[in-house]
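Here's a quick walk through how the pieces of this assembly touch each other. Have the structure open as you read.

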Amino acid sequence: MDFSARLAPLLDADILRFLAGGLGLTLAVALGTIVLSLLGGTVLAIGRLSSFRPVSLAAAGYIETIRSLPSFLVLIYVYFAVYRAALDLGTLGAVVLGLTVYHSAKTAEVVRAGIQSIDRGQVEAARSLGLGFMQTLWSIVLPQAFRRMLPPLVSELILCIKNTSIGSIVGLNELLRRGTIVYQQYFNPIETLALIALVYWGLCFGLSVLARRLEATGAQQAERARLATQEI
Amino acid sequence: MTGAQAWPSLSFLLEGFRLTIWLTFLCAACSLPLGAVVGIARSTPVLALRAAGTAYVEFFRNVPPLILLFFFYFGLPGVGVTVEGFTCGVIALTLYTAAFVAESVRAGIAAVDRGQVEAARSLGFGYLGALRYVVFPQAVAMVLPALGNITIGIVKNTALVATIGVADLMHQGEVLESRTFATFSTFTTVALFYLALIIPMSLGVNALDRRRRRMA
Amino acid sequence: MQSNRSILSWGRTALTILAAAFALSAWQALAQPPRPDFPPGSYGDKVLKRGKVIIGVRYDIPLYGFQNPKTGAVEGFEVDMGKELARALFGDPSKVEFRQVVSRTRIPMLQEGVVDVVIANLTQTKKRMEEIDFTDMYNLAGMQALVPEASPIKALKDLNNATIAVAKGGTGEQHMRQAYPQAKLLLLDSHGDSFQALVSRRATVFVADDTTLQGMQEKLKGFRVIPERLTFEPHAMGVAKGRPEFVAFLNAFIRDFKASGKWKELYRKNVGDPVPEPPPGVPEPQWLR
């Protein structure tokens, strides 16, 4: 098959729309996952910092275990668990839940670092003014912490987008799976995969530029901290 | 699964586990030198090298490793190049991981005090000499924990080769599950294998990190 | 004597007429499309109340269930069958929602109720019958081997020296492992991937149901099928356990689907000629593994 015949399907508006639908789904899954992981990660981080031993141990156990497993395995596990538990989430919901279970563990460390980066002095001042633990957390610590957590959270979003491609294995009709459907029909794997790779690259590169811009302040410290906990 | 049934399954998973370890070792052995070279290239005053290094890092960091795997396994045959599954895994994961190694090395080199480089130059070391004897060893010592984390990342990413038919731990687990329908016991066992490999590595990295902090 | 004969002949005539009437009404009853009468509170009732039936189909098996990237719509024999099922339930073939299933998700999606029924090249096997219920067989497929035109592999016995590409999670992998233990197996996630492995010469044989091979062969010349079937694969619809009234309705639907000629019509439309006879409903014991 000659080159133009292989390239033609990728210049076809209908097929591009088909692939764009996959991109939309990828973005939806990634954003949904990050938002839910932020919630889950915050809960886990607070649990980890709690002075109540069983809670902090349980949270630490969850975080360390999930961080030491491939995202592929966690996704498959949660996917099957969802169905055995009879939760009507559909493929999309199961993938989002699976990725959330994974990314909550990673986000928890980001949140914890963020909380701990807030000057102890502020916490002590708040407490001496009569604010309780939860109140201090909610109105003093977390708002400032979240601003500092934005760059690593964007990095986590980039990782999440990469992980959504694994959803194709359980039948989620996202960008990679749709690309596979296209090249299996038209026998142009290298062209299609190159296009798909370019789209992912554009997305992730754009976000990484954003992360770096957000990191403009305190760059050196952030850099060293980031490299110490570098996850790929 | 009864005890009698569990043993043949365990050895089936063990075969996959061995392959996972071997694949991790090969990827680490290839990506560390490659990443170091790219990281050094990014730190040189030569613009062409810096640009090439930056292009490499910015490209491979932002493409999902699964896409790279598919590109080598399913894509290349489209132009007549067919590479065996395991080799595709090594190549794809090496290229991907090296980008992160390069970033760490670059940051490590940048973190070495400028004064040391100048002192070395004034003592008669050339640029490469200063790099080799003064800067690089310190840089590596500083980023060792990060490199350790990256290696842990390699272990996790090897699970993806199951999608291109390489009989690693994850692949064996999937096959076992489809045969026995014992979903949870199978995947829990697979998880335990990964934990047995990764948790000691994490403890090692934490120890390295503590040592680094004490030295800094 | 004459009166006796006339009574006898009248009797015979009457009996013949009665028999004919009985046969006619029986034929009519059989030809009657099934009526969706479900006991209230049953699963079938729940489907009726929902107003649409949710069917799990393949999106990657050409001719039977696949998504057309140009239109985004799902097409194929099993998809059309699903639309007929919607017509039987609601009188309207559009009252159906199709969801994608892959080999590993077919059974979990049923067991939980994400889909009401699976019409996805699903082979009935004894082991699967422990997990879900099956309807009557609607297609008798068989596993076959696809090789390149010029391949030295001519008969099934040659498979022992081959590298066989087959999809994970299907009956193919298990059978090949048992029947050809010396062969090297290349296990990939889908039939499409496994076919690509054959195309790129990573494997020397691709094994799948003949229904899968039909569609893939069309698209690329240079391959041939080894005619001898490896196994028989009775394809039936899958339903979660505990819904006997729904299974009974589906069976009636399948019987009617075959008897009314729809089976052949949709087979010709999707797969093409020659059109075989639809298979019986109950698989022969030797087909059930």
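Before the angles, a word on how they are taken: an axis is a line fitted to C-alpha atoms, for helices over the stretch in contact, and angles run from 0 to 180 degrees between N-to-C directions. Keep in mind, too, that this is a predicted model.

With that in hand, look at helix 3 (residues 53-67) of chain A and helix 5 (residues 90-117) of chain A: their axes come within 9 Å and cross at roughly 115°. The crossing of these two chain A helices is left-handed. On the helix 3 side of chain A, the contact uses Y62(A), I63(A), I66(A) and R67(A). Helix 5 of chain A answers with V101(A), Y102(A), A105(A), K106(A), A108(A) and E109(A). Sort the residues of this contact by class and you get seven nonpolar, no polar and three charged.

## Helix packing in chain B

Who does the touching? From helix 5 of chain B come Q116(B), V117(B), A120(B) and R121(B), and from helix 6 of chain B come A130(B), V134(B) and V135(B). By class, the contact between these chain B helices has five nonpolar residues, one polar and one charged.

## Where chain B meets chain A

Now for the contacts between chains. Chain B puts 39 residues in contact with 33 residues of chain A. On the chain B side, the elements giving two or more residues are helix 2 (47-60), helix 3 (65-75), helix 4 (85-111), helix 6 (127-158) and helix 8 (183-215) of chain B. Helix 8 of chain B gives the most, with 10 residues.

What is the class make-up of the side of chain B that touches chain A? It divides into 26 nonpolar, 10 polar and three charged residues.

For chain C and chain B, 13 residues of chain C are in contact with 11 residues of chain B. Strand 9 (residues 184-188) of chain C supplies the largest share of the chain C side, three residues. That side of chain C splits into three nonpolar, four polar and six charged residues.

As for domains, the assignment for chain C gives domain 1 (1-31), domain 2 (43-141 + 233-287) and domain 3 (142-232). The C-alpha centres of domain 1 and domain 2 of chain C lie 41 Å apart.

Note on methods:
Residues are numbered from 1 along each chain as its sequence is written. Chains are lettered from A and ligands numbered from 1 in the order in which they are written. This is a predicted model: local features need pLDDT of at least 70, side-chain atom pairs count only at pLDDT 80 or more; totals for chains, interfaces and linings use all residues. Two residues are in contact if their C-beta atoms, placed from the backbone, lie within 7 Å. Helices (H or I, at least four residues) and strands (E, at least two) are DSSP runs, numbered from the N terminus. Ala, Val, Leu, Ile, Met, Phe, Trp, Tyr, Cys and Pro count as nonpolar, Asp, Glu, Lys and Arg as charged, and the others, Gly among them, as polar. Domain bounds come from an automatic or database domain assignment. A crossing is left-handed if the near helix is turned anticlockwise from the far one by less than a right angle, and right-handed if clockwise.
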